[in-house]
Amino acid sequence: MSEYRIQGATGEWEVVIGLEVHAQVTSAAKLFSGASTAFGAEPNSQVSLVDAAMPGMLPVPNRECIRQAVRTGMAIEAQINRYSRFDRKNYFYADLPQGYQISQLYHPIVGEGQLLIEADEKAGIAQDKIIGIERIHVEQDAGKLMHDQHPTMSYVDLNRSGVALMEIVSRPDMRSPAEAGAYVRKLRAILRYVGSCDGNMEEGSMRADVNVSVRKPGEEFGTRTETKNVNSVRFVMQVIEYEANRQVDVLENGGTVDQETRLFDPGTGTTRTMRSKEDAHDYRYFPDPDLLPLELEESFLDECRASLPELPDAKRRRYESELGLTPYNARELTAEVETYARFETLLGAVAAKIGKPEAEVATQTANWALSVAPGVMKSLGDEADPANATAEAQASILAMQDKGEISGGQAKEIYEIVLKTGRDPEEIADAEGLKQVSDTGAIEEAVDAIIAANQDKVEQYRGGKDKLFGFFVGQTMKAMQGKANPAVVNQILKDRLG
Amino acid sequence: MTDLTELGVKALRDGIATGDFTAREAAEAFNAAVEQASALNAFIVTTPDHALAAADAIDAKRAKGEDLGKMGGVPIGMKDLFCTDGVQTTAASHILEGFVPRYESTVSQKLWEAGAGMLGKLNLDQFAMGSSNETSYFGNVSSPWRKEGSNAAMSPGGSSGGSSAAVAARIAPAATGTDTGGSIRQPAAFTGITGIKPTYGRCSRWGVVAFASSLDQAGPMARSVEDCAIMLEAMAGFDPKDATSLQMDVPNWEDALDADLKGKRIGIPREYRMDGTDAEILDSWEQGKEWLRDAGAEIVDISLPHTKYALPAYYIIAPAEASSNLARYDGVRYGLRDLPDGAGLQDMYAATRADGFGDEVKRRILIGTYVLSAGFYDAYYTQAQKVRALVAKDFENAWAECDAILAPTTPTASFLLGSLNDDPLTMYLNDVFAVPASLAGLPAMSVPAGLNSDGLPLGLQIVGKPFDEQGVLNAGLAIEQRAGFVAKPEAWWC
């Protein structure tokens with residue numbers, strides 16, 4: 001087992017990591033107002049009176065946002081709190097119109113849950129590991145300041161103001177950058193399976209606050225730092241790498257780690273102090289008197305539960321047990337919503353085309369979907385039109401291969417033409433002569449001619465020189481211009497050579 | 001023709017409906033009265049055109065034989081805490097001076113839909129924080145009442161002081177008020193008028209500038225119990241835009257008014273006999289018991305043991321909520337912005353708030369910020385919430401023994417403007433009888449009980465069970481009928 005350790009001058013250090021992931025809830029409207037949440041709109045075009053905190057305006061909870069948080073909680077097998085409450089987090093900033101953020105400190109909607117990260121030798125994760133999730137609460141996002149619009153003033157865009165976020169808080173259970181990366185990827189996959197967040201880190205739909213501390217193995221937790229708003233898996237891993245090494249240096253040089261908030265600079269891959277504990281805000285949290293406590297009814301929870309799709313872990317297990325896929329293939333195919341969705345569509349089409357149960361064609365479909373098809377697509381580069389990669393066309397190819405009409409090589413050739421032109425695979429096989437011959441008559445004719453022309457070799461073979469069988473196969477294939485079905489060729493040769 | 005400004009809501013509505021006079025005549029009469037009464041400083045802005053336009057619409061409807069609505073043709077004053085579309089809304093603060101909303105509060109919208117018109121926006125204590133109407137950025141409101149033989153200006157009470165002064169002076173037949181810890185009842189008591197704070201959640205808070213969200217509640221102020229019933233019906237109702245709004249139908253309070261209290265038990269809370277309560281107030285309380293007994297009610301002694309903790313708890317909870325509610329007035333998006341040369345964001349906040357908020361508002365923001373601060377939260381805010389729950393529990397227990405509670409509205413009659421300015425604690429004590437019902441969210445009203453030896457009005461307060469506005473109005477009506485309060489102030493302001 002290879003544990004991640006920082007090698008310091010005084011020995012090995014263990015890294016302790018906890019993540020707070022902010023995920024934007026997929027919902028047409030904001031958490032407490034009817035305004036739209038679409039990304040990329042003109043500044044201040046999606047702002048209601050409530051979002052701008054006009055006098056006398058009041059928040060009203062958006063049921064869909066609550067539903068998405070509950071479904072997310074269920075997907076991480078968490079305690080769903082029937083009773084939760086909104087609190088105000090008070091601080092002044094120009095992007096925060098109310099002067100407070102409505103959040104949930106004391107009674108979050110989702111309690112203890114967990115998430116499984118899988119062993120991944122390549123990434124350095126020796127075995128499966130459960131990462132604890134402490135809570136999920138819902139809260140409002142703030143607006144955005146723009147500092148590049150005017151020489152001396154900052155502008156405020158409130159489009160994001162009031163958009164619903166889920167804050168998903170992990171336990172400090174991760175011990176390496178790889179584990180943290182796997183956690184974020186897995187969490188992202190679950191959110192996308194559930195449909196509660198689009199997981200788009202570039203657009204800021206998902207970002208992480210990274211808590212890092214170091215300690216000598218077996219000792220108490222060290223003092224942690226929190227690096228805010230890290231917006232890619234790679235950056236999360238970089239922050240941990242950098243912070244852990246920085247903290248080890250500080251400690252080994254006789255210093256102490258300050259509990260502080262830090263910022264990540266993607267340009268240099270380093271972090272720097274944003275504010276120290278002494279400058280920390282006193283947020284004066286208290287229950288929001290504009291909102292009644294949220295009390296969830298059983299019927300609402302039932303509906304949330306019933307609406308959940310099959311989740312990554314369950315799907316992966318089913319792919320292994322029911323479809324007979326290898327653990328590797330099962331994991332690859334279930335990692336992303338798009339991947340499994342494409343695979344399941346293709347699998348259905350292949351099974352229908354061939355007329356066999358899905359389990360019997362799953363392995364060949366999985367191999368095709370994971371390695372053959374992407375390989376062809378990649379080799380063509382810009383020549384390929386992804387729109388031509390329909391399930392129907394791919395199923396046709398796999399069906400021809402299954403019946404022995406085409407070889408693996410021909411399948412690739414046909415798929416290349418499909419991707420470039422969108423033509424029908426069967427038509428391509430016929431028109432381009434990309435079919436292998438299984439017609440015994442034609443093959444027998446070729447075999448007979450070869451036997452007749454090579455009597456000496458026939459004698460040697462019959463005399464015990466088994467290796468010559470390959471020679472006859474080669475000659476036959478050559479005569480058939482490579483299009484003969486190898487299985488049929490073998491059978492006929494065996495019959496004739498005796 | 002009678003002087004129309006002597007008429008109340010019901011008389012105006014019915015007179016217009018029957019054609020005794022037109023809505024326009026009523027609006028013109030009140031517009032003229034408002035214009036003459038500028039010495040009271042009851043209005044921050046007047047809106048005579050709004051009143052006339054609403055009146056003309058009612059007269060046109062009547063000509064077509066259409067329904068004129070619950071408040072058809074009645075011009076009213078609107079406390080300047082309600083946002084009114086196209087009309088400046090300030091909460092009597094400098095920080096919102098010049099702010100003109102592009103939206104209408106739910107309560108004012110409902111009043112316009114019921115046929116009422118607006119005479120203007122009424123002065124108040126700044127952000128509804130005060131009990132004397134001396135904290136307004138736009139100057140004190142003078143009560144129309146004066147002590148016998150004196151010309152010294154008296155307080156109309158607060159925070160709905162513009163409302164109480166206008167209704168008492170007959171320059172508005174009725175006005176909206178808001179009550180957070182007595183802001184409808186105390187000014188009503190000080191000026192010899194009637195005002196009811198309904199159950200928390202009856203009237204939508206949407207579009208009302210927030211002071212303390214868990215306590216704020218709108219209500220009518222008028223010159224009779226019946227007028228209050230009519231206007232409250234027009235104001236109340238579920239509003240999906242307010243998450244704390246009650247999902248209940250609005251009863252027909254007006255039609256169900258009944259001063260016969262046979263079979264009703266009226267509780268007299270012994271803890272309301274406090275040191276420092278004026279002897280004349282206690283006498284009027286005794287008189288009130290007699291009146292209610294005369295109306296058929298049984299008078300029972302009750303105990304509300306946590307009463308003395310209510311006021312301190314209120315002065316923690318209300319400022320705590322206010323300190324957060326007022327954070328939005330930051331100079332960024334609307335209202336006042338003070339941007340000194342070279343100022344950064346923090347400087348802008350500091351300058352804007354220093355200039356935009358009055359002393360009392362600053363005091364409460366500071367109290368509220370303090371009690372919510374780390375290390376103090378449990379000792380103050382959490383403790384105050386526990387007290388609040390106990391106060392509410394006191395009332396719940398009391399309902400086993402009585403149907404409504406009778407108490408004084410205030411510990412004293414009105415006082416001279418300026419006399420309590422240096423003594424905020426005494427000022428806060430004005431609300432000692434009003435605050436418990438606010439903390440418990442209960443309906444409560446003040447009705448005039450008579451004049452004291454200085455010739456100043458005194459009020460009696462009825463507190464009812466949750467949602468039982470009818471019981472409160474009925475008991476109020478029984479007192480009103482027996483008190484025969486017809487006194488009115490000399491019109492010294494004309």
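This is a predicted model: local features need pLDDT of at least 70, side-chain atom pairs count only at pLDDT 80 or more; totals for chains, interfaces and linings use all residues.
User: How many cavities does the search find, and what is the volume of the largest?
Analyst: The search covers the whole structure and keeps cavities of 30 Å³ or more, which gives six. Among the residues lining the largest cavity are V50(A), D51(A), Y100(A), Q140(A) and G162(A). Its lining divides into five nonpolar, four polar and two charged residues. The volume of the largest cavity is about 90 Å³.

User: Which side chains form the salt bridge between chain B and chain A?
Analyst: There is one salt bridge to look for between the two chains. D290(A), which also lines the second largest cavity, is one partner, at 3.0 Å from N to O. A salt bridge needs a side-chain nitrogen of Lys or Arg within 4 Å of a carboxyl oxygen of Asp or Glu, so this pair qualifies. The two side chains are those of D290(A) and R205(B).

User: Which element gives the largest share of the side of chain B that touches chain A?
Analyst: Across the interface there are 16 residue pairs in polar contact. The elements of chain B that give two or more residues to its side are α9 (307–325), α10 (345–356), α11 (359–372) and α12 (377–398). With five residues, the largest share comes from α9(B).

User: What area is buried between chain B and chain A?
Analyst: The contact takes 32 residues from chain A and 38 residues from chain B. Carbon and sulfur atoms give 60% of the buried area. The total is about 2,800 Å².

User: Where does the largest share of the lining of the second largest pocket come from?
Analyst: This pocket holds about 760 Å³ of space. Of its 30 lining residues, the closest to the centre are L292(A), S214(B), Q385(B), R388(B) and L439(B). In chain B, α12 and α14 (435–440) each supply at least two lining residues. The largest share, seven residues, comes from α12(B).

Note on methods
Residues are numbered from 1 along each chain as its sequence is written. Chains are lettered from A and ligands numbered from 1 in the order in which they are written. Side-chain values use heavy atoms; hydrogens and water are left out. On a 1 Å grid over the protein atoms alone, a cavity is a set of points where a 1.4 Å probe fits but cannot get out, and a pocket is an open set with protein on both sides within 12 Å along at least five of seven lines; lining residues have an atom within 4 Å of a point. Grid points are joined across faces, edges and corners, and a volume is the space filled by probe spheres set on the points. Ala, Val, Leu, Ile, Met, Phe, Trp, Tyr, Cys and Pro count as nonpolar, Asp, Glu, Lys and Arg as charged, and the others, Gly among them, as polar. Contact means heavy atoms within 4.5 Å. Buried area is the accessible area (1.4 Å probe) that two parts lose on being put together, summed over both. A polar contact is a pair of N or O atoms within 3.5 Å; within protein, one must be able to donate a hydrogen and the other to accept it, and residues adjacent in sequence count only if both atoms are side-chain atoms. Helices (H or I, at least four residues) and strands (E, at least two) are DSSP runs, numbered from the N terminus.
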